[in-house]
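Take a look at the structure below and follow it one part at a time.

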Amino acid sequence: MARHRRTRLAATIAAATASLLVLAGCAGGTGAPDSAPDANAEIIVGSQNEPTNLDQIFGGSSGVTEVFTGNVYEGLFKITDDAQVEPLLAAETEVSDDGLTYTFTLQDATFHSGAPLTAEAVKYSLERFISDDSIAARKSQLSVIDTVTAVDEKTVEVQLSSKSISFTYNLGYVWIVNPEAGDLTATADGTGPYSLGDYRKGDSITLDVNEDYWGDATANGGVVYQYYADPTALNNALLTGAVDLVTSQSNPDSLSEFEAGDYQIIEGASTTKELLAFNDRVAPFDDVNVRKAVYSAINREQLLDAIWDGRGQLIGSMVPPSEPWYLDLADNNPYDPDLAADLLTEAGYPDGFEFTIDTPESGVHSTVAEFLQTELAKVGVTVDINIITDDEWYQKVYTDHDFEATLQGHVNDRDINFYGNPDFYWGYDDADVQTWLTEAEQADSVEQQTELITQVNQKISDDAASVWLYLNPQLRIARDGLTGIPENGLNSLFYVYDIQEA
């Protein structure tokens, strides 16, 4: 079902293209069901990706994107499942000849509270997103916003300090919120097809159908996100019928159970990169040879096989194949323990050194940390593992930068820009990279942008700015009979409004 039937924007961003492998022969749950769809059925979604809070500007984690973006909150633009940018709350867009002034005419929409969507609400939302208090992931990319003016009730003018070829794409991730909603860390008031129903921290989030929604009706009668800390418990919930689908499969050992049953196993394009991120500000990781030595000491292919049984992909930079500036750099820092030992000697650590990896307790990070501990011991490097909660990680690593190295899964699409920000948690600081990224954003064409970011891609790989261990496979599992399931895993976007049950 097409959610909003409007003319697609002339693409200022190259479309990501990726071939999708559907293991059970049913692409995204689009096979014909045996009976008529039930538009009133409630869909139970199983996930390990619980938000840390409900507000995207206060570090709600990727879980808040999965539940709220496009479902409860909408932006001026929408990023589709295949990485296209389309207008959403912006009914019309005009851009000045110099590319510095954007004028948006708004849809006739209302918030869940009944308040109308106004230019003042858009102004408030954009200014809030780039405010000093915000720690939103795309804040730095949108700091190009100079002023926001409510011209009249339905017209917004945004003045940029410099050209931004990715501006409308980045706006696709900015929620338009009701200024009167108050504290959004535990409540919500958006314009989307669902409103926030019940919120039980540590357990579940219920989305109720917004009967007064300005766009197309939902294909279901509501959605419940049920959270599980343990992947085995999540899979058991699907096997026993407690949930209808799993947004992301993190336990490949269980796939055989589903392959033998009445389930759809859907593999799409992923943007989730498993990183060993150094704090490049501190010794010894301020030395490129040390970073490259650690990289070459890790048998990443063996790691990928151990975690994902051959699924997923080795990458050598922050860019997955679904993005236009992808380069195959998987062998740029090759697995070579002898090379690692030579690089350590050259850096002044012939006998190795000791460091701590702060790793979140969620997902496979602790298992990956143990693998790295064993690998690095072979070249004389001692790894201490400090397991912390996701909340502790946000404070200690992301906010305070109080760490030597960490493990994290970065889900964002087009997030190579983080390497152009020396204040980002890993502290990579290279003048050329910063210049190229700035010039790329001000480029006159997608071709210019792609050429410049390709240079960045090569440079951060040459510098081993981080260790890109692998690209996660994007696996969703659903019981047979569900249709309309999004296939790809771009920045944890998961639009639920087209999912329906036979």
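Helices here are DSSP runs of type H or I with at least four residues, and they are numbered from the N terminus. The model is a predicted one. Helix α4 covers residues 231-239, and Leu238 is found in this helix. Leu238 has a relative accessible area of 3%, and because buried means under 20%, Leu238 counts as buried. Apart from neighbours within four places in sequence, Leu238 is in contact with several residues, including Val243, Leu245, Phe258, Tyr263 and Ile477. Tyr124 lies elsewhere: its C-alpha is 41 Å from that of Leu238, and the two are 114 residues apart in sequence.

Next comes the sheet. Strands of a sheet pair through backbone hydrogen bonds, in a parallel or an antiparallel way. In this open sheet, four strands follow the order β5-β6-β8-β7, with antiparallel pairing. The edges are β5 (90-95) and β7 (145-152); each has a single partner strand, so one side of each has no neighbour in the sheet. On average, neighbouring strands are turned by 20° against each other, direction ignored. Between β5 and β6 (residues 101-106) there are five bridges, and Val95 has Tyr102 in β6 as its bridge partner. Helix α2 (residues 119-129) packs on the sheet and touches β6, β7 and β8 (155-160).

Finally, consider two helices. The axes of α7 (residues 300-308) and α9 (residues 365-377) come within 11 Å and cross at roughly 150°. That angle makes α7 roughly antiparallel to α9. Their crossing is right-handed. Gln302, Leu303 and Ile307 in α7 meet Thr367, Val368, Phe371 and Glu375 in α9. By class, this contact has four nonpolar, two polar and one charged residues.

Notes
Residues are numbered from 1 along each chain as its sequence is written. This is a predicted model: local features need pLDDT of at least 70, side-chain atom pairs count only at pLDDT 80 or more; totals for chains, interfaces and linings use all residues. Side-chain values use heavy atoms; hydrogens and water are left out. Axes are lines fitted to C-alpha atoms, for helices over the stretch in contact, and angles run from 0 to 180 degrees between N-to-C directions. Angles under 35 degrees count as roughly parallel, over 145 as roughly antiparallel, 65 to 115 as roughly perpendicular and the rest as oblique. A crossing is left-handed if the near helix is turned anticlockwise from the far one by less than a right angle, and right-handed if clockwise. Contact means heavy atoms within 4.5 Å. Ala, Val, Leu, Ile, Met, Phe, Trp, Tyr, Cys and Pro count as nonpolar, Asp, Glu, Lys and Arg as charged, and the others, Gly among them, as polar. Buried means under 20% relative accessible area, exposed over 50%, partly exposed in between (1.4 Å probe, protein chains only). Two strands pair if DSSP finds at least two bridges between them.
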